[in-house]
Amino acid sequence: MIVPRTMTEVWATMGSTIASFMFIWAIIRQYCPYEVRFYFAKYTQRIMSFFYPYIKISIHEYTGDRLERSEAYAAVEAYLSINSSKCAKRLKAEMAKDCSNLVLSMDEYERVKDEFQGIQVWWVSSMVMPLPQAMYPQQERRYYRLTFHKRYREIITGAYLKHVMQQGKEIRVRHRQRKLYTNDSGNKWQIYKQTTWSHIVFEHPATFETLAMEPAKKEEIIEDLVTFSKSKDFYGRIGKAWKRGYLLYGPPGTGKSTMIAAMANLLNYDVYDLELTAVKDNTELRKLLIETTSKSIIVIEDIDCSLDLTGQRTNKREEKSPDEEKGIRKEHEESSSKVTLSGLLNFIDGLWSACGEERLIVFTTNYVEKLDPALIRKGRMDKHIELFYCSFEAFKVLSRNYLRLEAHPLFDRVESLMKETTITPADVAENLMPKSPLDGADKCLSRLIQVLEETKAAAEATEKDEKEASTKNAQSSIKAAEVPAMEDAACPTTRKLSPKSQNMK
Ligand SMILES: Nc1ncnc2c1ncn2[C@@H]1O[C@H](COP(=O)(O)OP(=O)(O)OP(=O)(O)O)[C@@H](O)[C@H]1O
């Protein structure tokens, strides 16, 4: 045997060995039957794995017959986007479908190391190229491969993978773009078709900080919401679906819709704005419910206008002006649907309502007294929140938002007027809004004071009119009572006759 002496000889020997091996392999591939090769590869792998102490787990991007994108792959991708961006040398940046920012992930064939409870694991991103002879053009199939020592099989397949999935899902929720869904396309013929959710990006800027409300009440609501969002284990333990109902009620313009936006922003939830009048029947309502995702708020605004408490539905459009009424009523007749009160009750807490988790169901109404007690009982609508007219504390929040003012000499006058009259936060907000670039705080506050004074004067005038009217009514009823008494005195027999006997007479 010739022993190579120099480096050049070593390379030359190695090169010729590899070439010989490839030549032999090519001959085997050409002449050896497929079955023999298959068994050869299979048993070689088994023998290798006997000596090879590592386990590999692959997580593919697309799974199933319908080739849906795998949730597990997406979670690993999100998990590694944080880990890999710190240590990988080749990263790729993409604008993800549900995300407003660029998302960094490991580039193909890049390898990163991760550590869990002192155990080292390796992740490799890889892909399978489509077969050239495939009948349909396919995309390359990407996958992540996790490698770890077989000694740690239990921990890695249990706790570590659970940790990766959990963290990955959380990262995805944090980075996703939230959506505002609606089932009302505005098409009056929609009632003859199945309704589905359509969405836009949810970008309402309202927060609890900007919401005008008594600070103590605000704190209580925030605490309730945050506690709910952290109560997965609690709900599991007590055997209840992880959802909570909120009933927001109060006069128009007191901030019910604004509060829903603040709730969504606080908890980072999507919003499903459910228009009941556009839902055909209970089956369709259930279908819409099933299509909602976790971490969401399902809102039914003005519930009193959407569903008659006898189970007969009315349309909120019926409340339009008399001019519109005729045309609208026709439209309503065409679009009337068969969602019933019991269908809605099932929607809230029937068996199907447990199909998702971490969901809030919010009803709003201006007339809480009109609602069926069954609809709003505790357990369905767990928390009832009344939104009031603007208090001075709420006004201070609005003046901070609109005028960046914490204090002002005119505040005292506003405070005393607010004790004497009522005004909605919407009206206060409108008056604090500068109408021109030259409008300063003085002008806005003076405008608000003027409106408050006018409202107070109008309320006093109405009260005076009502008092006068009731005095007049009282006087006329006294007079009316005196007339029969005088008639009775003139003819005592008449009094004893009943109307019937009078007629007979
Ligand atoms: N509590 C509040 N805090 C801050 N802004 C408010 C508040 N209430 C009302 N507003 C302002 O008034 C506008 C109307 O409020 P919003 O639509 O939330 O009232 P609402 O109670 O839902 O009314 P409706 O019952 O008529 O639907 C909002 O755009 C917001 O600017």
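# A walk through the predicted model

Gly356 is located in the loop between helix H11 (341-349) and S14. Gly356 is partly exposed, because 19 other C-beta atoms lie within 10 Å, and a residue needs 20 or more to count as buried. Leaving aside its neighbours within four places in sequence, Gly356 is in contact with Thr292, Thr293 and Ser294. Arg46, by comparison, is 310 residues apart from Gly356 in sequence, and the two are 43 Å apart in space, C-alpha to C-alpha.

The protein has 17 helices and 15 strands. It has 505 residues, and buried residues make up 22% of them. Of the contacts in the protein with a separation of 6 or more, 71% are accounted for by residues 24 or more positions apart.

Strand S14 (residues 359-365) is joined to S13 by five bridges, and the two strands run parallel.

How enclosed is strand S13 by the rest of the structure? Five of the five residues of S13 (residues 296-300) are buried, so this strand is largely enclosed by the rest of the structure. In a regular strand the side chains alternate between the two faces of the sheet. In S13 both faces are covered: Ser296, Ile298 and Ile300 are buried on one side, and Ile297 and Val299 are buried on the other.

S12, helix H8 (residues 282-291) and S13 make a right-handed β-α-β unit. S12 has a further partner in strand S9, to which three bridges join it in a parallel arrangement. In that pair, Leu180 has Val271 in S12 as its bridge partner. Strand S9 (residues 179-182) also pairs with strand S10 (residues 198-201), in the antiparallel sense and over four bridges. Tyr181 stands opposite His199 in S10.

Glu115 stands opposite Gln120 in S7. The hairpin of S6 and S7 has two residues between the strands, and Gln117 takes a positive phi near 50° there. On to the next pair, S7 is joined to strand S8 (residues 141-149) by seven bridges, again antiparallel. The bridge partner of Ser126 in S8 is Tyr143.

Most residues other than glycine have a negative phi, and most peptide bonds are trans. Asn268 is not a glycine, yet it has a positive phi of about 65°. Asn268 is found in the loop between H7 and S12, and it is exposed, with 12 other C-beta atoms within 10 Å. Arg404 also has a positive phi, near 55°, in a residue other than glycine. Arg404 lies in the loop between H13 and H14 and is exposed, because 8 other C-beta atoms lie within 10 Å.

Arg404 follows helix H13. At 1.5 Å a residue, the 12 residues of H13 (residues 392-403) should span 16 Å, and the end C-alpha atoms are 15 Å apart, which agrees. Ala394, Phe395, Val397, Leu398 and Ser399 are buried in H13. Helix H14 (411-420) and H15 are included in what covers these buried residues.

Of the 14 residues around the ligand, Ala212, Pro252, Gly255, Pro425 and Ala426 come nearest. The elements that give two or more residues to this shell are helix H7 (256-267) and helix H15 (425-432). By class, the shell has seven nonpolar, six polar and one charged residues.

Technical notes: Residues numbered from 1 in each chain as written. Predicted model: local features only at pLDDT ≥ 70, side-chain atom pairs only at ≥ 80, totals over all residues. Near = placed C-beta within 6 Å. Nonpolar A, V, L, I, M, F, W, Y, C, P; charged D, E, K, R; others polar. Right-handed = clockwise from strand over helix to strand, strands pointing away. Pairing = 2+ DSSP bridges. Expected span 1.5 Å × (residues − 1). Contact = placed C-beta atoms within 7 Å.
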